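Dear colleague,

Please find below the structure that I am handing over to you. My notes on its cavities and on several individual residues follow it.

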Amino acid sequence: MAADQCAVTQPALSMQIKELERELGVELVERRGNAIAVTPAGQEIAARAKAILSQVRELSDYARQHHGVLTGSLRLGIIPSIAPYLLPDILTAVTQHYPHLDLQIRETQTNALVEELIRGELDAVMVALPVQQPQLETMPLFEDRFLIAVQSQAAADWVAGDLRTRIGQERLLLLEEGHCLRDQALQFCQIANMQARRALGAASLTTIMQMVAAGHGITLLPELCAETEVDRKRVALIAFPEEPPMRIVGLAWRRSSSRKGDFMALGELIKSLKYDEADTAKPAKF
């Protein structure tokens, strides 16, 4: 596994480790037959090596600033409940306004993105805020309100009454564990019973919307996703009359990064896309 990640053969990797041990004069791994374990000294040296590599990347980033804003490569992480709906417009805008930027995309769940960002494997991430990590700095981009998605035939039953109470009486369809969108929905609905929590753990919003269209439950859908995911003939969207639940979408990066100017410029570009969309969007029909 380690050899594959390093793109070398296992014997070559073992030889390199032994050479490093001879050079440093300390045992890095403990060999136990067919198994190995990293020694305490090996763990400390690995941690220091990661810090050094991170500083080298920061040095390269600092030098790159002299070539202008948003040039060179930028590794951006983005969560699945944002990527399909906003990423195409972001890439188009980047090509138009920052043609010398090589934007590299990594799409996965929030926890994994934040860990990779802290380790220096990503430059910035686009997630739902807040992100509780003191070593990270964040920039709010836009508010994304939640709508209630129900089967079209059932929409008339939702006209009267308290929406929050009604949600608690329905089967709430959610993404699988690990998605921040699931946690936000559960927090808003304050659902405590495990049967409701385990009703469905889908891997995508597309699956959930098909289930809603077939009458197997309801869901809370971010407005950002509505145009792509909703078949208006089969699914109705209901807006909260006041104080709608919402998520704050934003960028996060390491405080130690010298590329804050890049991240701020990228953030402003994304914000302009959302404002343009708001100016031209048609009123939603609920």
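A cavity is defined on a 1 Å grid over the protein atoms alone, as a set of points where a 1.4 Å probe fits but cannot get out; its lining residues have an atom within 4 Å of a point. Grid points are joined across faces, edges and corners, and a volume is the space filled by probe spheres set on the points.

This is a predicted model, in which local features need pLDDT of at least 70 and side-chain atom pairs count only at pLDDT 80 or more, while totals for chains, interfaces and linings use all residues. Residues are numbered from 1 along each chain as its sequence is written, and side-chain values use heavy atoms, with hydrogens and water left out.

Cavities

There are two cavities of 30 Å³ or more. The second largest cavity has a volume of about 40 Å³, and its lining consists of Ile79, Pro80, Ser81, Gln109, Thr110, His179, Cys180 and Leu181. For the classes, Ala, Val, Leu, Ile, Met, Phe, Trp, Tyr, Cys and Pro count as nonpolar, Asp, Glu, Lys and Arg as charged, and the others, Gly among them, as polar. On that basis this lining divides into four nonpolar, four polar and no charged residues.

The largest cavity holds about 50 Å³ of space. Around it are Leu173, Leu174, Leu175, Leu181, Arg182, Ala185, Leu205, Ile208, Thr219 and Leu220, of which eight are nonpolar, one is polar and one is charged. Helices (H or I, at least four residues) and strands (E, at least two) are DSSP runs, numbered from the N terminus. At least two lining residues of the largest cavity come from each of β7 (174–175), α7 (180–189), α9 (205–213) and β9 (219–222); α7 gives the most, with three residues.

Backbone features

Where is the cis peptide bond that runs from Leu129? It leads from Leu129 to Pro130, with omega near 5°, and Pro130 is placed in the loop between β5 (124–129) and β6 (136–151).

Leu70, a residue other than glycine, has a positive phi near 50°. It is found in the loop between α3 (40–64) and β3 (72–78). Burial is judged by relative accessible area: buried means under 20%, exposed over 50%, and partly exposed in between (1.4 Å probe, protein chains only). Leu70 counts as buried because its relative accessible area is 1%.

Glu243 also is not a glycine, and its phi is positive at about 45°. This residue belongs to the loop between β10 (235–238) and β11 (246–254). With a relative accessible area of 67%, Glu243 is therefore exposed.

Side chains and contacts

Arg259 lies in the loop between β11 and α11 (260–280). Its relative accessible area is 0%, so Arg259 is buried. The side chain of Arg259 reaches the backbone oxygen of Ser73 at 2.8 Å, a polar contact (a pair of N or O atoms within 3.5 Å; within protein, one must be able to donate a hydrogen and the other to accept it, and residues adjacent in sequence count only if both atoms are side-chain atoms).

The charged end of Arg166 sits over the ring of Trp158, 4.5 Å from its centre. The rule requires NZ of Lys or CZ of Arg within 6 Å of the ring centre and within 35 degrees of the ring normal.

Finally, Leu237 lies in strand β10 and is buried, with a relative accessible area of 1%. The C-alpha atoms of Leu237 and Val150 are separated by 6.6 Å, although the two are 87 residues apart along the chain.

With kind regards

Notes:
On a 1 Å grid over the protein atoms alone, a cavity is a set of points where a 1.4 Å probe fits but cannot get out, and a pocket is an open set with protein on both sides within 12 Å along at least five of seven lines; lining residues have an atom within 4 Å of a point.
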